[in-house]
Amino acid sequence: MKNLEQLSLHNINKSFFINNKKIDVLKDINLDVTPGEFVSIIGPSGCGKSTLLRLIIGLSHQTIGSILLGGRELQESTHEVGIVFQESRLFPWLSVYKNITFGLENEHLSQKDQADVKEHLHLVGLENFADAYPSQLSGGMQQRVSIARALISHPKVLLLDEPFGALDAITRIYMQQEITRIWQTEKSTILLVTHDIDEAIFLSDRVIVMSHRPATIKNIISVDLPRPRDRNSYDFLLLRKKIYKEFFNEIEMPFSFSI
Ligand SMILES: Nc1ncnc2c1ncn2[C@@H]1O[C@H](COP(=O)(O)OP(=O)(O)OP(=O)(O)O)[C@@H](O)[C@H]1O
C-alpha cells in the first residue's frame, strides 16, 4: 500500500523570457491536493496548465514559490511523481514490455519486479501485447502503455497532460472509464490537464478553472457526484453549465455562444 501524501503548491509564480521579453505565465498559484484526490485543471489555451505540470515533475523550475509533497520540497527526477503526455512518447524500437520497464533502475528485473510489470500490463489491459511494438498498437493502446510506464515506479502523484487529447471520441470515453478504474485500483493522487469539461467532471473530485495568462486560479469547483458518473444526469448537466460559464468568461469567443 502506498503512503500517499499531500501535494502542496505554495505561491507559484513562473515567467519565461522570449527574445529578452518577459512573459508572466503563472501568478500566485496556491493549491493543496489531498492524498488520493483526482483533480482536473482547465483553462484557456496557453494560460500555463502544462507549465504547471512541468514544474511539479521538475522539467522546469518555478520563478518564485515552492512545491511540497508531504511537507518536503519535491526533488528533481523523483520516482514519487509520474507523468503521461498527450503523445505516448514510447520508444518505437522497444517492445511494450521494454517500454514499461525502461525507466526502472535495475536492468535485470527481480522476480518481484517481473510480477509487478505483469500486474501493470494486466491493469491497463495489455497482458497479451507485452511483445508488441508501438507501431502495432492503436492510439488508445499506446496511451495505456504510457500509463503503465508512469505507474510502474509506484508514483504517489500521477500527472496527466491531455492524455486522451489525440484519441477519437469513443476511445476517449472508454479511456476515461479505464483511468477511473486504474485510479481506484492504484490509489494515486492524480492531477489532470484537459480541455474537455465533460472529462473533467466525469473524472474529478475537484475542477480547477484557471484564468488567462498570467494564470491565476479563478475558481475551484467540487464535483460531489457518485461514481460511476452518469453524463446525462441532471446534476452532471448542471455542473457542466456552471463550468462552461466560468470557462467561457475567460476566453474571447469569435461567435455568440449559449448553453
Ligand atoms: N520553454 C518555454 N520558453 C518560453 N515560453 C514558454 C516555454 N514553455 C511555455 N512557454 C509559454 O508559456 C505559456 C503557457 O504555455 P503552456 O504550454 O503551459 O500553456 P497551456 O495552458 O498548457 O496551453 P494549451 O492548453 O494550449 O496546451 C505560453 O505562452 C508559452 O508560450
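Reader: How many residues surround the ligand, and which are the closest?
Author: This is a predicted model. The closest residues to the ligand are Phe16, Ser45, Lys49, Ser50 and Thr51.

Reader: Which element gives the most to the shell around the ligand?
Author: Strand 1 (7-18), strand 2 (21-33) and helix 1 (49-57) each supply at least two residues of that shell. By class, the shell holds 5 nonpolar, 6 polar and 2 charged residues. The top contributor, with 3 residues, is helix 1.

Reader: At about what angle does helix 1 run to strand 2?
Author: Helix 1 lies across strand 1, strand 2 and strand 4. Its angle to strand 2 is about 65 degrees.

Reader: At about what angle does helix 1 run to strand 7?
Author: Helix 1 also lies across strand 3, strand 6, strand 7, strand 8 and strand 9. Its angle to strand 7 is about 150 degrees.

Reader: In what order do the 4 strands of the antiparallel sheet stand?
Author: The sheet is open, and its pairing is antiparallel. Strand 2 and strand 5 (72-73) each have a single partner strand, so one side of each lacks a neighbour in the sheet. The order is 2-1-4-5.

Reader: Which residue stands opposite Leu69 in strand 5?
Author: Strand 4 (residues 64-69) pairs with strand 5 in the antiparallel sense. The pairing runs over 2 bridges. Opposite Leu69 stands Arg72.

Reader: What is the order of the open sheet of 6 strands?
Author: The pairing in this sheet is mixed. Its edge strands, each pairing on one side only, are strand 6 (81-84) and strand 10 (217-222). Neighbouring strands are turned by 20 degrees against each other on average, direction ignored. The order is 6-7-8-3-9-10.

Reader: Why is strand 8 largely enclosed by the rest of the structure?
Author: Side chains in a regular strand alternate between the two faces of the sheet. On one side of strand 8, Thr189, Leu191 and Val193 are buried; on the other, Ile190 and Leu192 are buried too. Strand 8 (residues 189-193) is largely enclosed because its buried residues number 5 of the 5.

Reader: Which residue in strand 8 is the bridge partner of Val39?
Author: Strand 3 (residues 38-42) and strand 8 run parallel. They are joined by 4 bridges. The partner of Val39 is Leu191.

Reader: Which residues of strand 3 are buried on the side away from Phe38, Ser40 and Ile42?
Author: Strand 3 has 5 of its 5 residues buried, so the rest of the structure largely encloses it. Both faces are covered. Phe38, Ser40 and Ile42 are buried on one side. Buried on the other are Val39 and Ile41.

Reader: Which residue in strand 9 stands opposite Ile41?
Author: Strand 3 pairs with strand 9 (residues 206-210) in the parallel sense. There are 4 bridges between them. Opposite Ile41 stands Ile208.

Reader: What is the bridge partner of Val81 in strand 7?
Author: Strand 6 and strand 7 pair in the parallel sense. Their pairing covers 4 bridges. The partner of Val81 is Val157.

Reader: Is Ile147 buried or exposed?
Author: Ile147 is found in helix 4 (residues 139-151). The cut-off for a buried residue is 20 or more other C-beta atoms within 10 Å. Ile147 has 26 within that distance, so the residue is buried.

Reader: Which residues is Ile147 in contact with, leaving aside its neighbours within four places in sequence?
Author: Val25 is 122 residues from Ile147 along the chain, and their C-alpha atoms are separated by 28 Å. The contacts of Ile147 are Val84, Val124 and Ile182.

Methods
Residues numbered from 1 in each chain as written. Predicted model: local features only at pLDDT ≥ 70, side-chain atom pairs only at ≥ 80, totals over all residues. Near = placed C-beta within 6 Å. Nonpolar A, V, L, I, M, F, W, Y, C, P; charged D, E, K, R; others polar. Buried ≥ 20, exposed ≤ 12 C-beta atoms within 10 Å, placed from the backbone. Pairing = 2+ DSSP bridges. Contact = placed C-beta atoms within 7 Å. Axes fitted to C-alpha atoms, helices over the stretch in contact; angles between N-to-C directions.
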